[in-house]
Each structure stands twice: as C-alpha cells, then as structure tokens.
Amino acid sequence: MALTGLFLISFLVVHAGLNACIFNDLPVFDENDNGDMFNRAAHFMGSSYVIRIMEIGLFAGIILHIVQGFALEVKNRSRRSVGYKVSLGNRGSKWYSRSMGLLGTLLLLFLIMHVAHFWIPSRFNGLEEVEGKNYHNLFQRMVEVFQNPVVVILYVLGCISLAYHLLHGFQSAFRTLGLQNKRYIALVTSLGTAFSIIVPFIFALMPIAFYFRWIG
Ligand code: HEM
C-alpha cells in the first residue's frame, strides 16, 4: 500500500506541474497565451507512446491501491471483533487517520467525475485545430467545465479530501518503509505536511481561477 501510494504521489507531482502551465495565461505572465503552453504540454503527454503505456500503469496503480486499502480495512476489523471500551478519540489518532477509507471513497467519486470530464473526451474525441496545430483543446474544455459553480465546489471538496488523505498517507508510507525513524521523523513530517497542503492547494486554484475568469 505504501509503494502504490508513493507511486500515486509521484503522479500528482507531474499532474500538478503540467497543469500549472495554465497559469501562464495570467496577465503577469502572458495573457495572450490562451492555454497554448498547457495544450502543448498535454499534447506531448497524450501523444507519447511511453506515456500512454505509463497511463495503463497509473490506472492499474489506482485500482491496486483501492484493493489494498479495502483488504487492509477488512483485515483490521477482523482482528478485533469486540470494540474498545474507551475511545481515545483525537488523543489516540487524528480524525483523518481514522477516516482514510471514507476520504479514499470521496476521492474515488471525485476521480470518476474527473475522468469523465477530461480524460474520456480527450481519448475518444478527435483532435481540434488550434492556431494551425492539431491538439485536444483541453484548456478550452477546462474553461467550459469550470463555468459550473457546482462542479467548482465539487473539485474544491475533492482537493480538500486529497489534502487530508495525503496528510496521513504521506508519512504513513514512509513509516511502513521504515524510513520514519528518529533521524528522519522531523523531515518526513514537515515534508509530508507541506506537500499535503501545497499540492491540493495548487489543484484547487485551477477550477477557481477559471470560474472567476482570472484565466481563460
Ligand atoms: C483540480 C484540478 C485538476 C485539473 C484542472 C485536472 C485536469 C486534468 C486534465 C485536463 C486531464 C486530462 C489529461 C489528458 O487527457 O491528457 C486530467 C487527467 C487525470 N487527472 Fe486530473 N486534474 C485535476 C486534479 C486531479 C487530482 C486531484 C487527481 C487525483 C487525485 C487527478 C487525477 C487525474 C487522473 C487519474 C487523470 C487521467 C490520467 C491522465 O490523463 O494522466 N486530477 N486531469
């Protein structure tokens, strides 16, 4: 579970970095960009065979992570048929550490909606001509999708679920691998907290920026 989790974390870094190209559209950078930088980067990712093969690995990683999480939950429950007499609540562990299954399920619902918004149209619809080049105009797709306030709220809620899921998952993965010892604990905890806040925050800014027309 730790290894598939870290693999998915590495995907998030690439995904957030590539998508952040949309911010090149901000007036402080190049307001005439019209999503060109992002479309080009996304086109490169979508048209490379190596990346397409890695995409199969990504979906397999997501499914494996879900199956592992489910199996772990079943195993944990089966080991203790009688509940604790006294619940330690937040003194024993944080609420989000005890709610990883729920947060993961919310993320799965988010992912189903998200893949239907972008990945399915981009893989099954034809290319469009954008300024003389043939692209999937994913930037324009984002402009359209993020005009709906309900969708924007669902995306922001998805990013909040991601933040809490990572807040536990990041350091838990390192602990499982034995890397959260006395020497590294402060480093892993601060790195994990920073990552869990910064990456979902960058993602959440994307639908918000389109909705308020800061870009697009
Ligand atoms: C909230 C801002 C986000 C935006 C604007 C966004 C945008 C996109 C776009 C445009 C694609 C299609 C790429 C293509 O078909 O070439 C995509 C694919 C995908 N996104 Fe996101 N994404 C966001 C957040 C997330 C988050 C938080 C996750 C995971 C928890 C995620 C997981 C995925 C997956 C699994 C795919 C399909 C695989 C792929 O195309 O590489 N996305 N996203």
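**Close-up views of a predicted model**

**View 1. A209 sits in helix α8.** The model is predicted. A209 has 18 other C-beta atoms within 10 Å. Burial would need 20 or more, and exposure 12 or fewer. A209 is therefore partly exposed. Beyond its neighbours within four places in sequence, A209 is in contact with W214 and I215.

**View 2. R213 has a positive phi in the segment after α8.** The phi of R213 is about 60°, although R213 is not a glycine. Most residues other than glycine have a negative phi. R213 has 10 C-beta neighbours inside 10 Å. Exposed residues have 12 or fewer, so R213 counts as exposed.

**View 3. N34 has a positive phi in the loop between α1 and α2.** The phi of N34 is near 50°. N34 is a residue other than glycine. Its surroundings hold 19 C-beta neighbours inside 10 Å. The cut-off for a buried residue is 20 or more, so N34 counts as partly exposed.

**View 4. The ligand is surrounded by 22 residues.** The closest are F118, W119, S122, F203 and M206. Several helices give two or more residues to this shell: α1 (2-19), α2 (36-47), α3 (49-79), α5 (100-124), α6 (138-145), α7 (149-176) and α8 (185-211). Which helix gives the most? It is α5, with 7 residues. By class, the shell around the ligand holds 16 nonpolar, 5 polar and 1 charged residues.

**View 5. Helices α7 and α8 pack with axes that come within 8 Å.** The two axes cross at roughly 170°. Angles over 145 degrees count as roughly antiparallel, so α7 is roughly antiparallel to α8. The contact of α7 with α8 has 21 nonpolar and 5 polar residues. No charged residue takes part in this contact.

**View 6. Helices α3 and α5 pack with their axes 11 Å apart.** The angle between them is about 155°. α3 and α5 are therefore roughly antiparallel to each other. The crossing of α3 past α5 is left-handed. From α3, the contact takes I66, G69 and E73. From α5, it takes G101, G104 and L108. What classes of residue make up this contact? The contact of α3 with α5 has 2 nonpolar, 3 polar and 1 charged residues.

**View 7. The whole protein has 8 helices and 2 strands.** From the N terminus on, the elements run α-α-α-α-α-β-β-α-α-α. Along the principal axes, the C-alpha atoms fill a box of roughly 65 × 35 × 35 Å. The protein has 216 residues, and buried residues make up 19% of them. Among contacts with a separation of 6 or more, 72% join residues 24 or more positions apart.

Notes. Residues are numbered from 1 along each chain as its sequence is written. This is a predicted model: local features need pLDDT of at least 70, side-chain atom pairs count only at pLDDT 80 or more; totals for chains, interfaces and linings use all residues. A residue is near a molecule or strand if its C-beta atom, placed from the backbone, lies within 6 Å of it. Helices (H or I, at least four residues) and strands (E, at least two) are DSSP runs, numbered from the N terminus. Ala, Val, Leu, Ile, Met, Phe, Trp, Tyr, Cys and Pro count as nonpolar, Asp, Glu, Lys and Arg as charged, and the others, Gly among them, as polar. Axes are lines fitted to C-alpha atoms, for helices over the stretch in contact, and angles run from 0 to 180 degrees between N-to-C directions. Angles under 35 degrees count as roughly parallel, over 145 as roughly antiparallel, 65 to 115 as roughly perpendicular and the rest as oblique. A crossing is left-handed if the near helix is turned anticlockwise from the far one by less than a right angle, and right-handed if clockwise. Two residues are in contact if their C-beta atoms, placed from the backbone, lie within 7 Å.
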